[in-house]
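Hello,

Here is the structure I promised to pass on.

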Amino acid sequence: MENNRIFQIQNAIVKPVSSFKPSEWFGGVVFPKDMPGKFRHRRPKIEKEMKYQDVVMEVDAGINNSKFYPGTYIYGGCLSPHFGHALTEGIHRLWAFNTNIHDGIVFGVLPAKNTNYTPTQWFVQALEILEIPLSKCIWVTSDCTFENLIVPEPGSELTLGPKDWYRSYLEKLQQRILDATYHLRKELGELKVFLGRNHIPFGVYISGEKYLESLLVDEGYISLQPENHSMLEQITYLMNAKKIIFSEGSAIYSLEFINYLDAEIACIPRRPNNQLYYPHISSKCRNYIVAGNTDNILTFGTYKKDGTRQILINKHRYQVIESLRKHNFAYLKDWNEEKFLAQERCDIMTYIYQLHKSSKSDSARYLDIIEGYLKVRTNTNESLNSHSDHKNMVLKSRSDRLNELATINQSSNYLEIGVSKGVTFNAIKLKNKVAVDPKFQLNTKKYATENIVFLEITSDEFFRNYAKNWSQFDLIYLDGLHTFEQTFRDFCASLSLAHGKTIWLIDDTCPGSYAQAQPSLQNCVKLRENSQEKSRNWMGDVFKIVAAIHDFFPQFSFATFPDHGQTVIWNQWRKDFQPKWNSLETISRLEYLDFVELQETLFKREPYEKIFESIKSAINPSQLK
């Protein structure tokens, strides 16, 4: 099989790199036209044709004044001066090198002006990790001819990540690294690591990052600045980390030497997609997420036209915070919106000062940046002076969420379907409450009063025989049998007990796994055992009720809370109403995969403050009697 991963060229000409550009470069091996594409330098793009970075070069066969190297050599590729590109595109052909067989490794490089080429210190360290002698490297700064040149297939490619056959090589390499760093790893112990960018001048980082970094450090994260450590030390920190949060950038590409980490990794995005990073990391760790939404990244300023770079902001940065909380990377309990905005403004003004200092641009350009920034914050209802009663809200318990909803519509009467031990029910701070459950797991006599009623019956029986004894409820919580059919029936039946200001909260609408989404508890338990899933949650197929309300109840608006998975419903016509399935039978057949595919649309989780402001605006408590 190895013979299928190498391509040999006799009397091969290798040229120095004359320029590096985003779309192509000139230089490297002059390859024959019959060389398969997998041996070339390429960058696949989503939904587009394969993009080849190397340019086909013609050579005049009658003129060849290049230096001749007899023997057999390995082609390492064109070496970018950029850290991330060098690691993702400059080391993955070196698996084929054997010091006992090959005379050297050939790299096409961009010659330095008026001096001999000297590799960067970090690339020299990378070669040491790969156990490749520096003396075996040939840096091509002028045309050279090699008697026999072996072009290996790269084991990993940018935007593709590592190939299956390459994993065994990485596994052996990782074991060597583990052996070499034993004492350092023992000294460091288990870590949580943050890789930020705000310390890099013109580092193209998300404004406000420094504030987030300070909160993470308070929670025990190490803020790692890779340039202050050797390549081997950088890798060691990552191997010892159980959680890694990185501001999207090249520092994470130290993982190119690693086959697998027993760690969770979160990427804070800086681009409109994560194509450059996801393929290289997702298969190498226990869990990989992108915190927030890549669509929220906005840029200001100019990129590299006058020696400077852009400044970035995240239009809805709270989604990043919620993602880190939801996936248990950090609690961020001290998150303060105003402090973040203050840091963000500071970063914007620092950028403008650096821009002026380096380029002496006219003041109109700076004003454009400031005005653009303020316009974005105003348009997203996040102006610098904005205030909300629900800012920075973290509501971990069901009762906290329900009590908050009760304050919005000034609830007096509360109905809960599915009470069990009564933890939520007893914590609701309302005068009149009705609890319905076929088998309570608490001493109801201890809590029952004239205004607090416990009915040990099914929800069907309640609506059939008892509901007529109550006129209306302001707040209704549905947490009964975890099936779509029963929950949907409870919701429909409860409409007769509602009014224009009633708010519903439906539990268990966001299952966390295929097992949790089973309508049968027995199947859920069986699948949990087979998959060794640690979570004991069973949410059933309740998520389908959101689809049903979407299609058949346009008079109701709904939103999903960021924690656990609960959907709140209130009276407000949806302007964008358009049925998606238009069939209850079709909705009843939805599966967990359908739920996953709807994560960014129907089940997109919103910050608490945004949801509460929407409900308050629709209900308008000032008009309540």
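Is Phe491 buried or exposed? Phe491 is buried, with a relative accessible area of 0% (buried means under 20%, exposed over 50%, partly exposed in between, with a 1.4 Å probe and protein chains only).

First, the basis. This is a predicted model, where local features need pLDDT of at least 70, side-chain atom pairs count only at pLDDT 80 or more, and totals for chains, interfaces and linings use all residues. Residues are numbered from 1 along each chain as its sequence is written, and side-chain values use heavy atoms, with hydrogens and water left out.

The structure holds 37 aromatic pairs (rings of Phe, Tyr and Trp, the last by its six-membered ring, with centres within 6.5 Å; planes under 30 degrees apart are stacked, over 60 edge-to-face, the rest tilted). One of them joins Phe491 and Phe553 edge-to-face, at 5.5 Å centre to centre and 85 degrees between the planes. Phe491 lies in helix α15 and Phe553 in the loop between α17 and β23, so the pair ties together parts 62 residues apart in sequence (helices are DSSP runs of H or I, at least four residues; strands are runs of E, at least two; both are numbered from the N terminus). Phe553 is buried too, at 11%.

Tyr608 and Phe612 are stacked: 6.1 Å centre to centre, 20 degrees between the planes. They sit four residues apart in helix α20, about one helical turn.

Phe83, Phe107, Tyr117, Trp122, Phe123 and Trp139 form one aromatic cluster.

Best wishes
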